[in-house]
Structures are given as C-alpha cells and as structure tokens.
Amino acid sequence: MNHIYSLYICGMNPTKNNDNRAIAKMSIYDPPPERPSTLDCCGSGCVPCILDVYEEEYSRWNRRQNCEGDQLRRDLLSITKFKDYKIISFQELGNDVYMYTFAAIPLSKGRLPITDTQHVFVKSDGVIRPYTPVALSDNCSFDVIIKAYPNGKFTKLLLKKKINDIIFVRGPSGGIDYKGYESIVMFCAGTGIAAYLGLIRSILNNDKCDILLKLHYSCKTLNGILMRKTLAEYSAYWNCTVFLYLTRENNWSLCSKSFWYNENISEGRISHDIIEEIINQQQSLQTLWLICGNDEFNQFIFNELKIVNIKKDNIKIFHNNNK
Ligand SMILES: Cc1cc2nc3c(=O)[nH]c(=O)nc-3n(C[C@H](O)[C@H](O)[C@H](O)COP(=O)(O)OP(=O)(O)OC[C@H]3O[C@@H](n4cnc5c(N)ncnc54)[C@H](O)[C@@H]3O)c2cc1C
C-alpha cells in the first residue's frame, strides 16, 4: 500500500469534514522506514546498530500513523477559524513577484498540516485571498509566492506590511488526488507555478513513486522564470522534465546565451502544435492533466485537451484568481 494515496483520499475534501482526526490524515507523505537485512549489520557492535535504528524508526513511524506525537501542529492552523500569523520574511523575486514567509504565533516547532497543492486563506485588513504554500518549514512557517497587482485589494495592502506585522491564516483547502496515474502533465503560467512546486518536490522525494512528471511553464521573459534554480534541480531527476516557454523575450540570441545546461527553453507560447505533440507522447500513459494560469491560459489549454477527447475527469484546473 502506498501511503501517500491513502493520505490523499482522506484529504480529498477537507472542507466537508470538521473532524480534526480526519484532517490529520492529510499529513505529508510518510512511508514506513525500509527494513534492513540482517546482513546489513556489520557485526562490529556499533552503537546504535542498524537493526536498532530500524526498530526505533519503525516505532516512531507507527506512533505517527496513529497520530501520536507526530510534529503536525493542527492547533496552529484551522479550516474554520483564522489564526494569528506574522510575516517573518519577504523578498522580491522580480516583476512584482514576492516570496513571503508567514509563521504561526507563537513561533513554534513542528510542521503545519498542509499537503501539496492545497491552499490557505490569508486575511489582512478584512480582505481575504487564497494562496498556495510552496514550502513548509519546521518552525510552523510556510512560504508563498505572491504576485502583486497595482490595483489589487489584498496585494496592495500586503506590500505595505513589514516584518513581524500580523496577518491571519485559515486552511488548508483543496488538494489533488493522483492515485492510479502513471504520469502528470502540468501546464502553468506566471505565479501558477506555485500550485505545483510542493507536488513535484514530494513526488521526487519519494523513492517509491515513479510517476513521470512533465512541467510546461510559460513566462514572459527569462528573468521572469520563478524558482528557476529549483526547477533546474527538479529536472535533474530521471522522472521530471521541465519545459520553459518565453513569450516576450525580445533579444532571443542574447538571452539564449544565458541558458543553463539542463534547461529546455523555447521561444513563444505553448501552441496548438506543441500541445498536440505533448498529448501524443502521453498516449500510452494514464495521465493526469493539470492547468494553472490566468483564465485565458486555462481556457486555451483546456480546450486543446478537450478537442482530443481527454476525459474531463483527468483534467484539473487550478483557478488562480478570485473572479
Ligand atoms: C486556490 C487559489 C490559489 C491561489 N494561489 C496563489 C498564489 O500562490 N500566488 C498568487 O500570487 N496568487 C494566488 N492566487 C490568487 C490570489 O488569491 C489573488 O487573487 C491575487 O493575489 C490578487 O489579489 P488582489 O486582492 O491583490 O487583487 P484583486 O483586487 O482581487 O484584483 C485586482 C486586479 O488585479 C488583477 N488580477 C488579480 N488577480 C489576477 C490574476 N491571478 N491574474 C491576472 N490578473 C489578476 C486584475 O486586473 C484584477 O482586476 C490564488 C487564487 C486561488 C483561487
């Protein structure tokens, strides 16, 4: 039994379930430790011996499965009530895009119970907006990538805030179930990448999961690629390929000189022909199709997938705005 699947099944519709124990099941992927062979013990009387390490790890894992003593701080995040958080860092990533780190108050050890692709609701000065954490840390904080809009009700307010200012967070919500799929093809534009970073990381970190990942990420310019280094690291894995599309890079020959060695970058939009080729390559694979961009981008990709009769059930659109 692959543990990530059962966790996702439990977590599919958290908003409909107010039972904290059910929500607890949505924890991060947590497989049992691998049992060493008795031959793995070198026989030199090491302290601790590999076999003892295994027993200890196994009982710790067992306690976590029974929700005893894991480090998920369900007390610091609630689906129904906003809790106090503070801004502990922010950094401009470029083009009005910022990385914010929000931490629970009081600053605490442990992890927040948020799984990949889930979002949380952030409230400030009475305005509430959903955001998708891209990373969780062991001090009950999470990172979000936020694009600021000049007229944006929430982002305009957020930009005025300083380190240690208070905001309010509620969640988590959403999340996807990829049980039974052999491959996931992800399309995104701009900050839509936020929806996928956690998902990709957790699949790549799971040695037992061999789902093939293909990310097609559309950006305006080379400098506008968010988390470029992280994406380059992801593409070093055998089961992850990242394709980048630059739609408004006006000096292509100059820009192409600064591509990194394992980057797969092309000029222009994700076109009908490109999508056709992507679909052909997936023919023999049970594929989950994910889309996360603005409305126009989402509709275009969705229509292209529908034309070739990809079942609606296998397509998931992340609506990255509140309209
Ligand atoms: C489930 C979910 C997860 C989300 N995760 C993220 C995330 O991780 N990072 C992130 O940056 N945003 C994310 N969003 C979008 C976010 O919730 C806000 O909509 C966004 O930050 C704008 O809020 P605002 O109040 O500043 O703008 P608003 O006052 O709501 O809008 C003002 C104007 O800004 C422009 N605008 C607003 N949003 C968009 C958009 N998405 N695309 C193009 N133009 C827009 C429009 O011109 C709009 O008229 C997510 C949305 C959803 C539904």
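A residue is buried if 20 or more other C-beta atoms lie within 10 Å of its own, exposed if 12 or fewer, and partly exposed in between, with the C-beta atoms placed from the backbone. By this criterion, the buried residues of helix α5 are A194, A195, Y196, L197, G198, L199, I200 and I203. The structure is a predicted model, in which local features need pLDDT of at least 70 and side-chain atom pairs count only at pLDDT 80 or more, while totals for chains, interfaces and linings use all residues. Residues are numbered from 1 along each chain as its sequence is written.

**Overall composition and confidence**

- The secondary structure of the protein comprises nine helices and 13 strands; helices (H or I, at least four residues) and strands (E, at least two) are DSSP runs, numbered from the N terminus.
- Of the 323 residues of the protein, 29% count as buried.
- The mean pLDDT, the predictor's confidence in each residue on a scale from 0 to 100, is 86 for the protein, and 87% of the residues reach 70 or more.
- The pLDDT is below 50 over residues 1–27, a stretch that has 50 contacts in the model beyond near neighbours in sequence; two residues are in contact if their C-beta atoms, placed from the backbone, lie within 7 Å.
- Of the contacts in the protein with a separation of 6 or more, 72% are between residues 24 or more positions apart.

**The antiparallel sheet**

- Seven strands form an open sheet with antiparallel pairing, in the order β4-β3-β7-β1-β2-β6-β5; two strands pair if DSSP finds at least two bridges between them.
- At the edges of this sheet are β4 and β5 (133–136), each of which pairs on one side only.
- Neighbouring strands of this sheet are turned by 35° against each other on average, direction ignored; axes are lines fitted to C-alpha atoms, for helices over the stretch in contact, and angles run from 0 to 180 degrees between N-to-C directions.
- Three bridges link β5 and β6 in the antiparallel sense, and the bridge partner of A135 in β6 is D143.
- Helix α5 (residues 194–204) packs on the sheet, where it touches β5 and β6, and its direction makes about 40° with that of β5.
- Helix α5 is mostly covered, with eight of its 11 residues buried.

**The parallel sheet**

- A further open sheet has six strands with parallel pairing, in the order β11-β10-β9-β8-β12-β13.
- β11 (264–267) and β13 (315–319) stand at the edges with a single partner strand each, so one side of each has no neighbour in the sheet.
- From one strand to the next, the twist averages 15°.
- Strands β9 (residues 212–219) and β10 (residues 240–246) run parallel and are joined by seven bridges; L215 stands opposite V242 in β10.
- Helix α9 (residues 295–307) lies across β8, β12 (287–293) and β13, and runs at about 155° to β12.

**Surroundings of the ligand**

- The ligand is surrounded by 23 residues, of which the closest are Y149, G152, K153, F154 and T155; a residue is near a molecule or strand if its C-beta atom, placed from the backbone, lies within 6 Å of it.
- At least two residues of this shell come from each of β4 (127–131), β6 (141–147) and α4 (153–159), and β6 supplies the largest share, four residues.
- The shell consists of eight nonpolar, 12 polar and three charged residues; Ala, Val, Leu, Ile, Met, Phe, Trp, Tyr, Cys and Pro count as nonpolar, Asp, Glu, Lys and Arg as charged, and the others, Gly among them, as polar.

**Individual residues and backbone details**

- The peptide bond from I105 to P106 is cis, with omega near -5°, and P106 is found in the loop between β2 (97–104) and β3 (118–124).
- G171 and P172 are also joined by a cis peptide bond, with omega about 0°; P172 is in strand β7 (residues 166–174).
- T117, in the loop between β2 and β3, is a residue other than glycine with a positive phi, near 70°. T117 is buried because 25 other C-beta atoms lie within 10 Å.
- C140, in the loop between β5 and β6, has a positive phi of about 55° although it is not a glycine. C140 counts as buried, with 24 C-beta neighbours inside 10 Å.
- T230 lies in helix α6 (residues 228–234) and counts as partly exposed, with 16 C-beta neighbours inside 10 Å.
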